[in-house]
Every structure is written in C-alpha cells, then in structure tokens.
Amino acid sequence: MSDLTRDQLTHLAQLAHVNLTEEELDRMSGEVSKILDSVAKVQEVDTKHVMPTSHPIALTNVYRDDVVGPVLSQHEALTGAPEVEAGQFKVPAILHAEGDR
Amino acid sequence: MTATTTLTFADAVAHFEPVLGFEIHVELNTATKMFSQAPNAFGDEPNTNVTEVDLGMPGVLPVVNRTAVESAIKLGLALNCTIAPRSEFARKHYFYPDLPKNFQTSQYEQAIAHDGWVDVELDDGTVFRVEIERAHLEEDAGKLTHMGESGRIHSASYALVDYNRAGVPLIEVVSKPISGAGDRAPELAKVYVQTIREIVRALGISDARMERGNLRCDANVSLMPKDATQFGTRTETKNVNSLRAIGYAVDYEIRRQAAVLSAGDPVVQQTRHWQEDTRTTTPGRTKSDADDYRYFPEPDLVPIEVDQAWLDRLAAQLPELPVERRRRLKTEWGLSDAVFRDMVNADALDVVEQTITAGASPGAASKWWMGEIARLAHAADVAVTELGITPHHVVELETLTTAGTINDRLARQVLGHVADGEGSPAEVVEARSLAVVSDDAALTAAIDTAIASNPDVVAKVQAGKTQAIGALIGPVMQATGGKADAGRVRQLLAEKLGLQA
C-alpha cells in the first residue's frame, strides 16, 4: 500500500502547475495513493531477463538527412497564439530569468 | 542592498582549494534542427524557421538529425570519451515558455559519449588534464525578450517569444569536478572553455561564436579548506558568455565564497547570474525541489546504436586536433616557447601558417606578425587579422626587405600604410617613393656633408675610436629621409675615412 503524503501531493501539484484547495489536497492524497497501488502491480512482474525499453517496436537508428524542408510561415506559426506582438508570441511576465529554470 | 563582501584572491586561495565544474552548451551548425527539418539559422525574422514539431503541436513526430548525432560522436571521440553502444533520448519536464512542449528533449541515463578527458594548456605551458563526465545531445530553447519599462526581467510586464532557436541541436559537455588548480583556477576555467571552443571549431561542428550564444558556459564553483577531502557547497553561475568573463566569474565566486566561509556562514547552493558591468555574480533561484524534471524515456524516438563500423568511419574523418597541430607547428617552425605561445594567444597561428605557405620563412612570418603587425593591432585594439594586412602582403614585404629595396624601418612604415588601405607593400613603396637610396652618388654627397660638419667626430674615429662612426651615420640617415641602408652608409664612411671596412 503506497502512502502518498499530503506534502508529496502538494509538491506534485506545484510541479504540474495545478492549484489544489486544502480540501482537494486532503481528498486526493488518498485517491492518488490508490492509483499508485494499481499501477504498482506492474512491479510484481519478473523483469530479470527483460531489457528496459522506451519504444514498443524494436527499432533503432531512425534518422533524417540534414536537409531543409518546408516550414510554417510566420502567420501560420502564430495562428494559435492567444496574443501576438512584433511577429512573436506574447506571454505573461515571467518571474525568473532565462536560464534560471 | 548591502554590498557583497569578498576576500582578496590571494587570501581566498591561501585558505581554500577551489573546485570547479563546467557545463558547456555547444550549438551545432547543422543545416536543420535536431528533430525537425526547419533551418538552423541565426538572425532571421522571428518565428519563420519553425515547423509544427518545433512549436510542440499535438500529434507531431520528431525525427533525429543524423548529422547532429555524428557531430556528437566526433566530439566524443575528440574528447577521448567512450561512445555508448546504445543511448536514448529522454524528456526533461519544466514549464517555461521558451519550449512550447513543456519538456526539453535531452539524454538522461545514458549519454551518447561519456568518461573522457581533454588536456588544457595554460599560458605558461603547464598542462592540466580535465576529465569529462559526459557529452549528450539535446535541443536548444526559444528566445525570450522581456518587455517592460526598464527592460529588466523582474519588472517586465510581458515577454515575447521567438521559436527560431527552439530545437536547434545542442551538445552539452559536462566536466567532472576539477580540483588542484589552486590560484590558477580562473585561468584554467578560461583556457578550458577556449580549448573546447577550438576543438568544436576544428571539428567544424559549431561556429562556436560565444557572442552569438553558439557556445555557452555554466561555471560551478565550490571551496573546501586546504586540507579537506570533502567538496564544499557549490554555486552555478549561468551563461557566462565570453572567455574573459569566465575567468572573472570564477575569480569572483572564489573571493565571495571565501568571505562567506571565513565569516562562519554556509555557502547557499544556488544559481547565480554573471553581471558583466560590475564583474560580479548576483543570486538567482535557490536550488530546490523545483528541480524535479521527471525525466522519462522519449517514446517518440528510437534508441541510437553506434556500431564499430560507424565509429571507425567517423574516427577516420577527425581532423588534426588543435593541440596536436600546435605541437607539430611548433616543431616545424622551430620557434621558442615564448614566441609560439604569444602567437597562440594572439590567435595568429592560422595567419602565420598561411604566410609560410605563401613563401615566407617561419622566422620572417613570426617576426612581422608578432612584431610590427601585433603592435599596430594593439594600438587599434583589434586582432592582428583585422588590420587588412594579408599573408601575401607580408611575403611581399619580406621580399622587398630581403632584396634591400626597403630597410626594416621603412618596412614598418609601409605596414602602417598597408593597414590604412593604401594597397600592397610594393604599391605603397612605389606611391610614396619609399625605396632606400642605393644610389652611391646621392649617398656620397650626404656622407661628405656629414664629414664636413662633424670634424670632432672624424678626429675621434681617426684616432682609433671606430665606434664613434655611429655619430656620422645618424646625420646621413637624416639627410636621406631614413631611406638609406645603414650598413652601406657605414661601409662608405669607413672607406672615406680610410678605415678597414
């Protein structure tokens, strides 16, 4: 039985940029623990002779030649932007400096 | 804000041993991006070098750039690394608008190259071996411009994002902790970055222009008491983007941390920012649990497998590396350590080599480039190669000098005029009538005048004080506007005064 603490859930919410109320934190630490338990069943499988894999198909070395292809126009690129200025995506002020992440 | 206390550098390194570590990001000069076919180009209109992949659109499929992988393998080989037979890409998660996917595609558990080393040669010739932890492939992020009244980040009201740089291939080279440099730590820092820069240039995999951000350095610094074996708490100074600044940043962090530790306080583990104007670092974000990037394997990309045949093929393409080239040239040219080192520091190896190839002797090429041309460059505050003087000019100048058409003094004058854009040395000599006076009749007249107007000197010479003849050469040179060959004048004077030539 995994026991996700309230602190761990708070941390997780911060990482995901999700605001949770006190009430939600209380309720969800229990709920998320249950989800973790369900997923933890996978760990019962004996993987001693299984190579870790990140891809379902046993492919390696899929590459592309270094040749320029079609790109979006600036207009197309910015179509989905909530706000645009000077050909760029306009985003809210960011509190920390670039490279400070 | 109160001013930060620092110790003097000498005090700091007398009590503490600095430990350094570097992360260098090298932007590759491939034609396209790491995972998309968009051009990898600098200075274009914003958001014109982007595809759906670079904008993190749903459902897109990245495909790896083969050339970027090969560049990483070449750099790994040049840094004496082991190339991983198999490595993967991973997602590094963080929320920041410079990457619209909310993750950076990077490598995590297994880097494509690991456990290498590079020899770094300090200014006095001391060789310091820096061990390389790993070199991995990843992608660059977009460029943010913070907008607001003061233009400063903390008071910015919004930011503009250009994704042209998002997805540009990067190799991150991570060093192992470097200790034992002592008071040479700032110099080592600078020369290490310089060494990596010249290697990637020699490999032709990056333009490595620091002012454009092609090569960016994060410098980790910590201190430990002289007799300690346990490393101290480190700070990471971000984006120190010139070679000079790297030395200063390390120097400053050593002095600052020494003051903190000497006052009995702990060093705070944090990111710091380099301030070019004050040559100090200022605190950035304190390292915290926000550095939880939740890496996981990138499911859209398949592993890279490097077999021996691929490795051999790339190894065969490696050019002569800068350190080997320097050793070879130094031997071939037979120059002294000091002269050769000055040449390296002046970034003049290429131009000297071209001058020698064009026909000058190593001694002559070195004499002009490191002599009068270096002096002109210093006065103009530019590199020796930026004066407009070419290897062919130097060869021509040397030919004119050897043939006796001009003497050294005139040659220096000619170089000044060549730098001013007056043409080749031969053209300058012609246009300004600078050739030495070799006409004995003209010289004889000047010599007769000198003898006639300096009877006391003549008396001395004839009384056996032959060195006094120098006092007669001066007036002759003056009379001919410096265009006489001093050796010839001396000879003619000696004949006139009846001395053994």
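Residues are numbered from 1 along each chain as its sequence is written, while chains are lettered from A and ligands numbered from 1 in the order in which they are written. Because the model is predicted, local features need pLDDT of at least 70 and side-chain atom pairs count only at pLDDT 80 or more, whereas totals for chains, interfaces and linings use all residues.

User: Why is chain B called more spread out than a compact globule?

Analyst: The globule rule is 2.2 Å times the number of residues to the power 0.38, and the radius of gyration is taken over C-alpha atoms. For 501 residues the rule gives 23 Å; chain B has 30 Å, well over that value, so the chain is more spread out than a compact globule. Its C-alpha atoms fill a box of roughly 95 × 55 × 50 Å along the principal axes.

User: What share of chain B counts as buried?

Analyst: A residue is buried if 20 or more other C-beta atoms lie within 10 Å of its own, exposed if 12 or fewer, and partly exposed in between, with C-beta atoms placed from the backbone. Of the 501 residues of chain B, 41% count as buried.

User: How many residues of chain B are in contact with chain A?

Analyst: Contact requires that two C-beta atoms, placed from the backbone, lie within 7 Å. By that criterion, 51 residues of chain B are in contact with 37 residues of chain A. Strand β10(B) gives the most to this side of chain B, with 5 residues.

User: What makes β1 of chain A and β2(B) a strand pair?

Analyst: Strands (E, at least two residues) and helices (H or I, at least four) are DSSP runs, numbered from the N terminus. Two strands pair if DSSP finds at least two bridges between them. Here 2 bridges join β1 (residues 63-64) of chain A to β2(B), so the pair meets the criterion, and the strands run parallel. A:Arg64 stands opposite B:Asn65 in β2(B).

User: Why are β6 and β16 of chain B called edge strands?

Analyst: The open sheet of 3 strands has the order β6-β5-β16 (chain B), with antiparallel pairing. Strands β6 (103-106) and β16 (296-297) of chain B each pair on one side only. Strand β5 (residues 90-93) of chain B is joined to β16(B) by 2 bridges, and the bridge partner of B:Arg91 in β16(B) is B:Phe296.
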